[in-house]
Amino acid sequence: MIQFALKCDNDHRFDSWFQSADAFDKLRGAGMLTCEICGSSHVEKAMMAPRLGATHDTETAKARPLSAPANEAEQAIAEFRRKVEENSDYVGRDFAREAWRMHSGDAPERAIHGEAKPEEARKLLEEGVPIAPLPFLPGRKTN
């Protein structure tokens, strides 16, 4: 897809997307392009500035690997994640069941983290089980 700035013979300016530059030429040649403001079928490409991405400090980008935190908030979350993972057991998708078992006394209390569906988490909270969402997704263990 390509976006062109267009103008009609009444100097109305607008943008439109096309499958390709050739598709624009074919539609224009067939008289199928009209101004969205006045309906004129005399539509041409207008001058447009190139679309450039945001500027980046290339030295900073080269010095920091993509997996490294980009700012203080990301650094704080990364540190928090490290502490959670070091000091608790990952129970995966069994989080709701394991949290309930500890709350009811059927399992020894310990720090755990894992995954729960929203309705499971809501039910735990309604039952008074002390849980909190984490600001990161757990790293899943794979074979």
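These questions and answers cover cysteines and salt bridges in a predicted model.

Trainee: How many disulfides does the structure hold?
Mentor: A disulfide needs two cysteine sulfur atoms within 2.5 Å. The sulfur of Cys8 has its closest cysteine sulfur in Cys35, at 3.7 Å, so that pair is too far for a bond. The count of disulfides is 0.

Trainee: Which cysteine sulfur is closest to the sulfur of Cys38?
Mentor: The distance to that closest sulfur is 3.8 Å.

Trainee: Is Cys8 buried or exposed?
Mentor: Buried means under 20% relative accessible area. Cys8 has 5% relative accessibility, so Cys8 counts as buried.

Trainee: Which side chain meets Arg13 in a salt bridge?
Mentor: The N to O distance is 3.2 Å, and the cut-off is 4 Å.

Trainee: What separates Arg82 and Glu86 along helix α3?
Mentor: Their side chains meet in a salt bridge, 2.7 Å from N to O. Arg82 is partly exposed at 36%, while Glu86 is exposed at 53%. Both lie in helix α3 (residues 72–87), 4 residues apart, so the separation is about one helical turn.

Trainee: Where does the salt-bridge partner of Glu98 lie?
Mentor: The side chains of Glu98 and Arg110 meet in a salt bridge, 3.0 Å from N to O. This pair links distant parts of the chain, 12 residues apart. Glu98 is in helix α4 (residues 95–104). Arg110 is in the loop between α4 and β5 (112–114).

Trainee: Which residues do salt bridges with shared partners join into one network?
Mentor: Start with the pair Glu98 and Arg110. Glu98 counts as buried, at 8% relative accessibility. Arg110 is partly exposed, at 34%. The network joins Asp89, Glu98, Arg101 and Arg110.

Note on methods. Residues are numbered from 1 along each chain as its sequence is written. This is a predicted model: local features need pLDDT of at least 70, side-chain atom pairs count only at pLDDT 80 or more; totals for chains, interfaces and linings use all residues. Side-chain values use heavy atoms; hydrogens and water are left out. Buried means under 20% relative accessible area, exposed over 50%, partly exposed in between (1.4 Å probe, protein chains only). Helices (H or I, at least four residues) and strands (E, at least two) are DSSP runs, numbered from the N terminus.
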